[in-house]
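Please have a look at the model below before reading on.

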Amino acid sequence: MDPRTPWPALARPRFLRSSWPWRVVGYLGTGAALGGVVGLVFLVLGAFSLVLVGLPLLLLSGPAVGGVERWRLRLVDRDPAPDPHRVPSAPGLVAWLRLRAGEQATWRELGYALLFATVLWPLDLLALAVGVGLPLTLLGTPLRLAVDGQETKVVKAYLVTSYPEAFAAALLGALLLVALAYPLAAVAGARAALARALLAPRDAEARAIGEVIASRARLVDAFEAERRRIERDLHDGAQQRLVALTMTLGLARLDTPPGPLADQLAKAHAEAGQVLTELRELIHGIHPQVLADYGLGPALVDAADRSAVPVAADVELPRLPESVESAGYFAVCEALANIGRHSDATRARLTARHTDGVLRLDVEDDGRGGADPAGGSGLTGLADRIAVLDGTLTIMSPKGGPTLLRVEIPCPAPTEGSVSSSPRTASSSGRG
């Protein structure tokens with residue numbers, strides 16, 4: 001794994017051959033240049049603040065510097081620095097200014113900008129002067145001696161009068177350039193850590209993560225709503241039309257005398273009946289009615305009863321959130337389908353419990369094992385869907401079996417008034 005900041009990069013043998021020394025120099029160099037500009041701007045705004053004109057601009061300079069510094073932080077910190085500011089609830093400049101003035105992040109950024117303009121950029125410049133300027137000056141000694149002719153001074157202190165001395169100074173400069181790259185990277189790492197602590201604190205990262213989790217939950221709810229809409233449209237639209245078509249063909253078949261036409265009608269009637277059966281199975285697969293009406297427990301028992309392999313179902317579940325029930329149901333259905341298709345198992349066991357705020361589903365079989373989610377079993381998509389709910393899907397399937405698929409989804413415990421499915425323990429023989 002590539003290091004994310006200069007500190008872990010220092011421990012890598014290929015540090016000097018990587019891009020990190022260049023990143024470090026770029027970060028400190030731009031810091032020194034930008035800090036000088038920020039210091040000059042602060043002097044101007046401070047002068048105008050004496051007549052209260054520059055105070056609003058002085059306050060807003062903090063977020064401006066903070067935004068630039070978070071962008072510049074990417075030179076030496078590959079983890080994105082989240083913006084700690086909230087989005088105004090109302091449009092307009094007044095609402096934006098009112099929100100920014102009341103945020104702690106604004107005042108932290110203003111404090112960082114003042115520190116940057118007075119202390120940090122001179123330190124950046126000093127580190128560059130020692131870590132890069134001094135070695136490069138020594139490296140240029142032979143060139144300066146050739147230009148000056150008879151003699152030259154090294155860093156304004158040591159007089160060099162011969163080329164052996166000049167090349168010795170250049171060799172020293174090369175060694176210092178390599179040796180000082182490490183402390184220079186450590187300084188840049190500390191500088192970046194300070195910037196992240198002030199400009200992208202952990203509460204902002206936690207808020208960003210919370211927004212991501214909330215958006216994922218909204219996506220799951222929207223997906224389930226769309227699934228139910230498709231099921232309703234198929235049930236109330238296409239299925240009803242197929243039922244009417246099947247009845248019409250059946251009546252026409254009864255009214256037609258024996259002959260080629262009657263045979264064609266009989267064939268069309270049978271095909272329409274087969275299409276209707278397949279449509280009903282499709283609707284059942286989209287969102288089973290038993291899952292919507294009675295919850296996950298009875299739906300799992302029903303799935304076990306319809307399995308091609310005999311399944312012993314031990315299910316005790318209350319009603320849970322719809323997204324959790326749907327994800328758990330389809331994970332179990334996919335597992336049972338895989339057992340019937342690929343495992344050569346003679347029996348399976350399904351265990352479902354909700355304890356300590358976690359839904360746990362175990363599907364075991366006595367098949368040949370060796371199940372690989374990456375082999376196109378359909379479990380990869382289910383694992384992604386369960387991960388959206390902060391759940392996990394674990395498969396333990398050694399060669400020769402047995403195979404255990406475990407689903408764990410955190411969800412709140414049901415309230416007193418929630419509708420619970422009757423705890424059931426069922427042994428299903430299957431249809432195989």
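Helix α7 (residues 163-179) and helix α8 have axes that come within 4 Å and cross at roughly 35 degrees. Axes here are lines fitted to C-alpha atoms, for helices over the stretch in contact, and angles run from 0 to 180 degrees between N-to-C directions. Helices (H or I, at least four residues) and strands (E, at least two) are DSSP runs, numbered from the N terminus. On the α7 side the meeting residues are L177, V178 and A179, and on the α8 side they are A181, Y182 and P183; contact means heavy atoms within 4.5 Å. Sorted by class, this contact has six nonpolar, no polar and no charged residues. For the classes, Ala, Val, Leu, Ile, Met, Phe, Trp, Tyr, Cys and Pro count as nonpolar, Asp, Glu, Lys and Arg as charged, and the others, Gly among them, as polar.

A word on the source: this is a predicted model, in which local features need pLDDT of at least 70 and side-chain atom pairs count only at pLDDT 80 or more, while totals for chains, interfaces and linings use all residues. Residues are numbered from 1 along each chain as its sequence is written, and side-chain values use heavy atoms, with hydrogens and water left out.

Another helix pair is α5 (residues 104-139) with α6 (residues 141-148), which pack at an angle of about 50 degrees with their axes 5 Å apart. α5 and α6 are therefore oblique to each other; angles under 35 degrees count as roughly parallel, over 145 as roughly antiparallel, 65 to 115 as roughly perpendicular and the rest as oblique. T137, L138 and L139 of α5 make the contact with T141, P142 and R144 of α6. By class, the contact of α5 with α6 has three nonpolar, two polar and one charged residues.

Of its 432 residues, 38% count as buried, where buried means under 20% relative accessible area, exposed over 50%, and partly exposed in between (1.4 Å probe, protein chains only). Among the contacts in the chain with a separation of 6 or more, 71% are between residues 24 or more positions apart.

Now to the charged side chains. Where does E69 sit? E69 belongs to helix α3 (residues 55-72). E69 is counted as buried because its relative accessible area is 1%. Leaving aside neighbours within four places in sequence, E69 is in contact with L34, Y112, F116, R191 and L199. One of these, Y112, is 43 residues away along the chain, and the C-alpha atoms of E69 and Y112 are separated by 9.8 Å. The side chain of E69 also makes a polar contact of 2.8 Å with the side chain of R72. A polar contact is a pair of N or O atoms within 3.5 Å; within protein, one must be able to donate a hydrogen and the other to accept it, and residues adjacent in sequence count only if both atoms are side-chain atoms.

R191 and E69 meet in a salt bridge through their side chains (3.7 Å, N to O). This pair links distant parts of the chain, with R191 in helix α8 (residues 181-199) and E69 in helix α3, 122 residues apart. Both R191 and E69 are buried. E69, R72, D124 and R191 are linked in a network of salt bridges. A salt bridge is a side-chain nitrogen of Lys or Arg within 4 Å of a carboxyl oxygen of Asp or Glu, and by this rule the count comes to 16.

| Salt bridge | Closest N to O |
|---|---|
| E325 and R319 | 3.2 Å |
| R406 and D362 | 2.9 Å |

R406 in strand β7 (residues 403-410) and D362 in strand β5 (residues 358-365) are 44 residues apart, and the pair links distant parts of the chain. R406 counts as partly exposed because its relative accessibility is 29%, whereas D362, at 14%, counts as buried. E325 counts as buried at 2% relative accessibility, and R319 counts as buried at 19%.

What does R70 touch, beyond residues up to four places away in sequence? R70 touches A81, P82, D83, P84, H85, E109 and L199. R70 lies in helix α3 and, at 10% relative accessibility, counts as buried. A polar contact of 2.8 Å joins its side chain to that of E109, and the side chain of R70 reaches the backbone oxygen of L199 at 3.1 Å.
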